[in-house]
Each structure stands twice: as structure tokens, then as C-alpha cells.
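I opened my notebook to record what I could look up in one structure.

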Amino acid sequence: MQGTQQFGTYKYIYLADGKVELKISSSDAEAILSVIQRPSFTQAPGQPILTQSAAFIAKTHEKISTGSRSADELLSGGLSQGQIIEISGPPGTPKEALAIGIVKSFVNAGHEALFVDCQHMSSPATLDQALGASETTRGYLQHVYHSNILDLCELMVLIYNLPKLLKSHPRASLLVFNSISFPFQAKHDLSIPAKNALLERIKQAFIIAVTSHNLTIVTTSQLSTKILNADGSPGSFDTGAKGILVPQLGLAYLPGRAYRMILAAESNTHGYHCLPRVTVMSSLIPVHRVIKLISTPGDPHGTLAQSQKRTSLVLISDTNFGSQAPFTSHIDKEPLTTLTAPPSISPPKALSMHMVSIDSKAGPSNVSYTISTPTCASAEKIDPGIPTVIFLHPVYMGKHIFHTQFRDPKLRRFNLIALDTRLHGDTEGKVKDVWRSEDAVYDMVAFMDALRLPPCHFLGVSMGMRIALQMGILYPEKVLSLFLVSPIPAQEPAEILEGREEIWDYWVQGWTDPEGPDTEAIKDSVGGAEQLGFNSLTAPLVKAILNVCIPNAVKNLGPGRLEEGRVVTVGFFSEHMDYSTEKLKRIPGPVKLIYCGGDIAYTIHQTEDLFQRLIVAGIDVELEVVEDAPHFGTVMYATEINPLLHDFLMKQTTTDVPVPSEGVISPFEAILVATGWSPDHDDDSFDEEEEFFDFQSIVPRA
């Protein structure tokens with residue numbers, strides 16, 4: 001949806017799934033919306049539309065020079081497609097020159113480039129002067145597009161429309177944002193929460209662009225002054241002992257796997273000195289090392305970059321870029337520390353998750369998890385001032401099944417954590433001959449201890465419901481409340497357990513010959529799981545979730561792990577749960593049961609039985625029925641379930657929580673978009689029995 005809504009003398013600009021409150025006049029809003037309707041980039045007239053061949057896409061590991069010999073050395077030969085780099089430095093450093101040098105190198109290599117100027121510092125004439133001066137770039141007009149950004153509003157309009165823009169430029173391999181920090185610098189009344197939300201939107205757009213289009217992204221940014229106290233803690237002009245220069249936008253807008261390069265003046269006459277990483281920056285001292293990587297994809301925290309991975313900046317090109325100071329022509333004599341650059345960006349899953357190692361009674365494991373806070377879709381840690389909700393997924397699925405909860409503005413008033421259990425998603429670890437809900441709880445406790453989490457609210461769906469309930473029984477001191485969707489009875493009905501066996505038997509049959517899997521048998525197995533969880537009615541979002549799930553299932557439950565897979569997908573449900581009064585009365589907080597009315601596996605009477613048992617145990621319990629929702633109802637019926645969860649949490653919350661922010665986005669959006677899903681899709685439109693996954697893609701290639 002695109003449009004404006006009048007609000008007093010200002011307008012909100014609505015863009016797809018949210019609104020960006022930018023406090024602009026009505027005329028400005030109309031002008032900005034008109035930007036969406038016009039081409040964002042200009043090119044020489046009469047040029048044909050070019051298509052992107054498979055061979056072109058396959059050249060992802062090709063190293064392309066930055067135009068600077070020293071920068072190439074730091075980047076182990078240059079940039080590859082699918083990489084992101086930020087170049088920052090104070091005024092007068094050749095950030096723009098280096099960015100244009102990268103454009104020139106990409107054009108020389110036959111690639112197409114999009115150049116966004118956010119400060120009116122690099123006009124088409126500047127690019128013409130730089131690129132037209134070279135014999136090798138004589139045909140650059142076919143490969144370079146230029147756009148001017150007037151303010152922050154236009155920048156965010158472009159960011160929102162980036163997928164459509166790239167679709168209209170299928171050969172684009174490079175995207176440059178020159179002076180990306182300037183629109184934020186010019187918006188003096190932008191609040192910190194609003195700025196963080198916009199930076200998070202940019203980061204997600206970059207992730208999608210890189211993973212979906214194999215795009216290389218270059219940004220340039222100014223530095224800003226940060227005041228430190230004598231002990232190194234953040235200070236003010238009244239308390240600070242020194243001021244240091246740091247990249248103006250910080251880390252918030254960059255995915256974790258990005259290069260960050262910083263330049264600064266070595267002296268008044270020549271050279272550029274590179275500062276250490278932000279967290280340990282010191283005052284500027286003139287030395288001969290003049291360019292440095294402060295973080296890399298393989299070293300996001302700058303640990304290795306703190307070594308001697310720095311050198312003087314030397315341009316390979318002798319092109320004069322306007323008034324920029326000259327580059328030095330010397331190289332440090334000491335050898336550079338080897339720091340290998342990964343070939344390209346990892347799959348999108350690595351961009352919205354974290355890993356933590358645990359060693360519970362169930363054995364060692366590397367648990368994959370995601371934390372979202374009110375201001376950050378993929379945070380390093382929780383906000384300690386607000387409650388935390390842990391989401392536990394159903395069988396076959398992974399944490400990405402909670403996309404609709406993590407993008408809900410009201411639920412994002414809280415800390416939200418989703419994790420993958422053993423043999424699901426991206427978590428690494430084996431299971432023993434038996435894997436019970438008790439074993440999953442041991443993992444859960446070790447996970448909470450590793451992250452030093454306080455007592456939490458728990459939401460569990462199906463298998464996750466059983467784990468959450470057992471958590472409340474065995475470790476009540478770690479539980480605030482339980483929100484249980486699609487409860488499983490204490491004893492699995494024989495016909496349902498038989499159905500789970502049949503799903504697994506088809507899966508095993510499909511992998512009888514790992515070199516030539518029976519895709520029809522595998523398809524039957526997946527179809528059975530889809531019927532159990534979604535009643536075979538797949539909305540576009542469900543299809544995207546399954547397209548993420550199936551490759552993970554091949555990895556976790558496929559050849560070499562079939563015995564473990566049966567333990568988790570069948571054996572777990574054959575366990576008889578003890579829902580006695582003595583056990584249930586240990587649950588510390590309130591419980592809400594959600595029965596999904598369209599559940600084809602379990603009846604309302606089985607949920608009512610648990611409801612009555614909890615009442616007898618003296619538990620504050622409620623039961624709600626969501627009509628027509630399938631067993632995994634949180635996906636397609638989030639509109640009904642999310643408000644129930646929000647209201648339930650608010651009843652237990654005694655502290656203030658942030659007001660809902662419409663700008664929140666899900667940390668799982670990038671991986672779902674990479675499967676072909678779009679947030680613009682209508683997730684309430686169901687397609688029955690429609691093919692959604694290319695099962696031939698799991699067949700090993702010769």
C-alpha cells in the first residue's frame with residue numbers, strides 16, 4: 001500500500017507494511033510519493049534493457065579491484081559480488097574517490113552500477129569525468145545509473161523500493177550510496193528510536209539485496225565526534241576527558257558480515273591515517289599507517305583487524321577527482337597480517353541469528369537463536385528493563401515460523417527470543433536414543449543460563465507447547481507465564497502417532513539411495529507434515545516458511561541422521577506426559593491455552609481435559625478457541641492470536657513497556673524474501689494442493 005494520510009498539518013507516509021512518521025508538510029509528502037512513480041536512476045537515452053545471464057550470476061567469487069592497491073591488499077585482492085563495505089573518514093579524505101574507483105573497476109569488468117548521491121557531491125558530470133577519461137570505460141553510459149537523494153524522506157523511499165528497482169535493473173552488480181550519513185545528519189529533529197528504526201530498515205534492505213541479487217554494496221560515511229570519560233565510558237562535554245572520531249551511523253545499518261574501512265589525515269600535507277575500532281579508539285596520532293579495516297565479514301568485531309592490517313592508501317588510477325587531497329605513494333615496509341576475505345555473503349539465515357554453545361544433560365549443542373527488541377530486529381542482547389518472551393516452535397519447523405509475531409508492533413514492545421531445538425533449523429547437536437520433553441527442557445535451561453536471561457514468558461506451539469509446559473513443571477523459577485498454542489494431550493492418540501510414523505516412513509523411503517533420492521516419497525512425507533500443520537492450505541507466507549524448512553530438514557534429518565530424526569519426530573510424541581495435579585501445581589504463573597478450531601489432529605475435548613486439570617491444580621488458566629485455525633495456527637491466524645498474546649502479556653506486566661512502533665520489521669523477513677515471498681503478498685489467500693517446492697533441487701548434482 002502506498003499513500004498518505006492527513007494528520008493535522010502533517011502527513012504520514014504509508015509504505016507497504018508500516019508507516020514512517022517523518023513530520024513533513026502535505027506538499028512535501030505528495031512530492032515524495034511522486035518519487036515512487038518516477039524512475040529513480042537516469043541513464044543515457046536509447047540504451048537497451050539488458051538481461052542477466054546465468055554465467056554472469058555465477059561469477060560470484062571474482063575479485064574486482066577497488067582502484068586502490070593498498071585497499072585491494074587489505075581486502076585480499078578486492079571486492080567480490082555479494083559483499084558490503086563501508087568507507088568512512090572525516091572531510092577531505094578520499095572516500096568519494098575510492099567509491100568512484102570501485103565503480104570504474106566494476107564497469108571495466110563489464111558490470112552494471114547504480115550510484116546514489118546523498119549529498120550532491122558526485123554529479124553525473126563527476127562520474128563522466130572519472131569514467132570517460134579511460135579507454136576501458138568508453139561504453140560506461142550503458143552500465144552506470146545515477147540518482148540524487150534530496151533528503152532522508154527520499155532515501156527511505158528509495159530503500160523501500162529497492163527490490164523493485166533491482167528488478168528493473170537485472171544486470172546491476174554494484175550499488176553505491178555516497179554520503180549515506182548526510183540525510184540523517186541533516187534531520188536534526190529525528191529521535192533516537194526513529195533513527196534506529198530507519199537504520200534497521202536499511203540493514204534489512206541491504207540483506208535482501210545481497211542475498212536475492214548477489215549485489216555488492218558500497219557506502220561512504222562521515223565521522224562524528226564521540227566524547228569519552230577518562231575511564232573510557234561515554235561522556236558529555238561537561239564530564240568528558242577526550243573526543244574521538246567514529247563512523248557517524250555506527251553499526252546499526254550494516255549486516256554483521258560487512259567490511260568497514262576507515263581513513264583519516266596523516267598530516268596536513270599528505271596521507272590518511274586509519275583509526276582503531278570504535279570501542280577502543282584513541283586520539284589521532286600522526287603515523288605512516290594510513291588505511292585500516294576495522295571489521296570484516298570473518299571478523300565482525302574487529303579482533304583481527306586490531307593487528308597490523310593497515311597500510312598507506314594508494315590509488316591505482318591517476319585520475320584527478322576534483323579537489324580531493326593527493327594520495328600518498330608509499331607502502332608500509334612491514335608485512336601485512338594475513339586476513340582472508342570470505343568469498344561472498346552467507347545465506348540469509350546467518351544474518352538474522354546468533355549461536356551459543358551449551359552443554360546440558362542432553363549433550364553439547366550450538367543453539368541458533370534470534371533476539372528482537374523494541375528498537376532492533378536482530379539484537380545482541382535483550383533490553384533488561386522490559387519482559388522477555390521465548391518462542392518454541394513445533395516439530396519440522398524452525399524459529400522463522402514466528403515471523404508474524406516478530407513483525408507485530410504490539411508484541412515488539414517486549415524482548416522476543418526464538419530458538420531452534422535439536423535437529424531443527426540451524427541448531428547443531430546430536431540426540432541420544434531417546435529425546436524427551438525433559439531433555440529439551442535441559443537444553444532450554446542451559447540456553448537461558450548461557451545468555452543470563454531472567455525468568456521469561458513462554459509461547460509454545462504443539463511440540464513447543466509440551467516443552468514449555470514441562471519447563472514450568474521442572475524449572476518454575478525460570479517461568480513467568482505460559483501461552484500454549486495447540487496443546488498436545490498427555491497421551492498421543494494412537495491414530496495420530498500412526499500418522500507421524502507414516503510421515504517418517506515416507507521420508508526414510510525417499511532417502512534409501514542418498515545419491516538418487518526418491519523425490520515422490522519425500523514429497524509425500526512433506527505433504528503429510530503440511531497437512532498436519534497447515535491443513536494443506538498454504539498461504540504465500542506458509543510456502544516461504546516451508547521453502548526454508550525443507551532444506552534444513554534434509555540437513556538435519558536426512559542421510560546419516562535418519563535414526564536421530566525418528567527419535568525427534570516420532571519418539572518424542574510417544575512419551576506419556578505426567579499431567580498429574582502434583583506436577584501441574586508447580587507451574588508458577590498464569591497459563592493461557594489456545595485451541596485451533598481447524599486442527600485435524602486433536603479435538604477440543606483433549607484441550608479441555610488439560611484445562612480442567614490445571615484448574616484442579618489451582619493454576620490461573622484461560623482457554624480460547626480460534627475458529628478454523630490449523631494446528632500451526634500462529635502463522636495464518638496471527639491476526640487473531642497475536643492480540644490474545646499481547647493482552648495476556650500486558651496483564652502480567654507491572655513495569656512500563658515502550659509504546660508500539662509501526663516501523664518494526666521481522667528478523668526473518670530477509671530469509672523469507674530470498675525464497676521468493678514478498679511482504680506485499682496477501683497471507684490470507686490460501687491455495688490448496690499447489691506445488692510450492694522444487695523437490696528436484698535436493699537431488700545431488702553429478
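The entries go from the whole chain to single pairs of residues.

**Entry 1, ground rules.** I noted that this is a predicted model, in which local features need pLDDT of at least 70 and side-chain atom pairs count only at pLDDT 80 or more, while totals for chains, interfaces and linings use all residues. Residues are numbered from 1 along each chain as its sequence is written, and side-chain values use heavy atoms, with hydrogens and water left out.

I looked up the secondary structure and found 21 helices and 23 strands in the protein chain; helices (H or I, at least four residues) and strands (E, at least two) are DSSP runs, numbered from the N terminus. Of the 702 residues, 58% count as buried, where buried means under 20% relative accessible area, exposed over 50%, and partly exposed in between, with a 1.4 Å probe and protein chains only. I also looked up contacts (heavy atoms within 4.5 Å), and among those between residues at least 6 apart in sequence, 73% join residues at least 24 apart.

I searched the whole structure and found 17 salt bridges, each being a side-chain nitrogen of Lys or Arg within 4 Å of a carboxyl oxygen of Asp or Glu. One of them joins E86 and R260, whose closest N and O atoms are 3.1 Å apart. This pair links distant parts of the chain, since E86 is in strand 4 (residues 84-88) and R260 in strand 11 (residues 259-263), 174 residues apart. E86 is buried, at a relative accessible area of 0%, and R260 counts as buried too, at 2%.

K203 forms a salt bridge with E200, with 3.6 Å between the closest N and O atoms, and both residues lie in helix 9 (residues 192-213), three residues apart, or about one turn of the helix. K203 counts as buried at 11% relative accessibility, and E200 counts as buried at 5%. I then looked up D609, which forms a salt bridge with R613 at 2.9 Å between the closest N and O atoms. These two are four residues apart in helix 18 (residues 604-616), so about one helical turn separates them. Here D609 counts as partly exposed, at 40% relative accessibility, and R613 counts as partly exposed, at 34%.

Is E530 buried or exposed? E530 lies in helix 14 (residues 519-534) and counts as buried, because its relative accessibility is 9%. From E530 to L546 I noted 8.5 Å in space, C-alpha to C-alpha, and 16 residues in sequence.
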